[in-house]
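Trainee: I would like to learn how to read a helix and its surroundings. Where do we start?

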Amino acid sequence: MSYQPHVATLLIVEDNVSTRELIIEYLRPQKYHILVASNGQEALDTLHQASVDLVVSDILMPVMDGYSLLAAVQSDLSLKNIPVIVVSAIGDLQSVLRCLELGADDYLYKPINRVLLMARVTNSLEKKFLRDREMARLQEINTMKDQVVSTLAHEMKNPLALIMGFIELLIEDAGLSPDSREYVQHIQRYAFQMNELVQDLLDLSKLDITLHKERADIVRLCKSTIEDLRLLATQKHIELTCEASDTLCIAEFDVERIRRVVSNLLSNAIKYTPKEGHVTVTITQSDDSLQVSVQDDGLGIPNDELERIFESFYRIKRPEHMANEGTGLGLSIAKTIIEQHNGRLWVESELGVGSKFSFEIPCA
Ligand code: ADP
């Protein structure tokens, strides 16, 4: 049974013209589309320009040998899935083993045997097309899953807003018994938690959409976000300050998404800082970038979890952290947004002392 959905394109990498011609001649009956290169570098250039299904490569070549070609193919996500069959001198087991370790799919010895060449090419191609089909199916399922999540989150947003509105009204009702008030406050807490999850899922589903960049002032954005969250800080008696130069910090960015990042870092700082703590937002600008830091003197983060907190759904499992509700999505969304702006987001922290989250985006 053949899994070839289209005429396969093969790249033959061989510096010896006669060997190259012989391989092409042997493969001619299969009517493949054949490209050629005389060393690894030429092969890499071709791989970046054309859609290649399989590479048959010599090992010892000038400019770039087969080992370096294999290493380059394996380290490039867009090429990794292309099988490479290496052709080595007869009995050269060491070279073959090294190539297999480097990720070669199969090997052939010289002088090349026509039947073996055809069998191995067909076999590697069939495996490749099966993998391609599986990947396409997974991608389809993933897209469907994203659509379901975003539709559900959308549909839940409005009823949730109404529930929260009516809860507010109930809480304001003076005739409520103390017990009932306590129950309603519980309902409010859980509704708030659900709302946060819905908001995170919505943000997650919107990440694929193109950025709407505009020239804007980051200081203004940070100050308005601070005001949005001031009540939350005041409730915990946390001192919230902003240190920024009086001059404008102008850059091109997607205002709503960067607001989402600042808001997440700031609400985390308030959430994971005990009462009477301090949170400071600092904004600085250099010639080619602007930097925002949110520093707190709160719970801090264990050293071995500093990287992991940027993974989706990752939360620190310590009781003092888990006492605060969260989804574990905020930082992974923030990181994606900053990377979409060609910037970087990082954290410095000490457990029990505090944390400083910073991001930097280019100004140009
Ligand atoms: P969450 O919704 O859980 O807050 P995030 O992705 O925003 O999700 O953060 C992931 C985890 O990182 C949090 O659960 C928390 O344990 C930790 N964290 C984030 N910000 C801080 C901070 N300022 N201080 C201490 N821990 C933090």
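Mentor: Start with contact: heavy atoms within 4.5 Å. Helices (H or I, at least four residues) and strands (E, at least two) are DSSP runs, numbered from the N terminus. The buried residues of α7 pack against β6 (214–217), β7 (239–244), β8 (250–253), α8 (255–271), β9 (278–285) and β10 (289–296).

Mentor: Some ground rules. This is a predicted model: local features need pLDDT of at least 70, side-chain atom pairs count only at pLDDT 80 or more, and totals for chains, interfaces and linings use all residues. Residues are numbered from 1 along each chain as its sequence is written, and side-chain values use heavy atoms, leaving out hydrogens and water.

Trainee: Which residues of α7 are buried?

Mentor: Buried means under 20% relative accessible area, exposed over 50%, partly exposed in between (1.4 Å probe, protein chains only). In α7 the buried set is Ile218, Val219, Leu221, Cys222, Thr225, Ile226, Leu229 and Ala233.

Trainee: Where is the kink in α7 centred?

Mentor: Bend at a residue is the angle between axes fitted to the seven residues ending there and the seven starting there. The α7 kink is about 50°, centred on Leu229.

Trainee: What caps the N-terminal end of α7?

Mentor: Asp217 does, with a side-chain oxygen 3.1 Å from the backbone nitrogen of Val219. Just after α7, His237 takes a positive phi of about 55°.

Trainee: Why does Asn195 count as partly exposed?

Mentor: Because its relative accessibility is 24%. Asn195 sits in helix α6 (residues 178–206). Leu160 is 35 residues from Asn195 in sequence, yet 6.8 Å away in space, C-alpha to C-alpha.

Terms used: A polar contact is a pair of N or O atoms within 3.5 Å; within protein, one must be able to donate a hydrogen and the other to accept it, and residues adjacent in sequence count only if both atoms are side-chain atoms.
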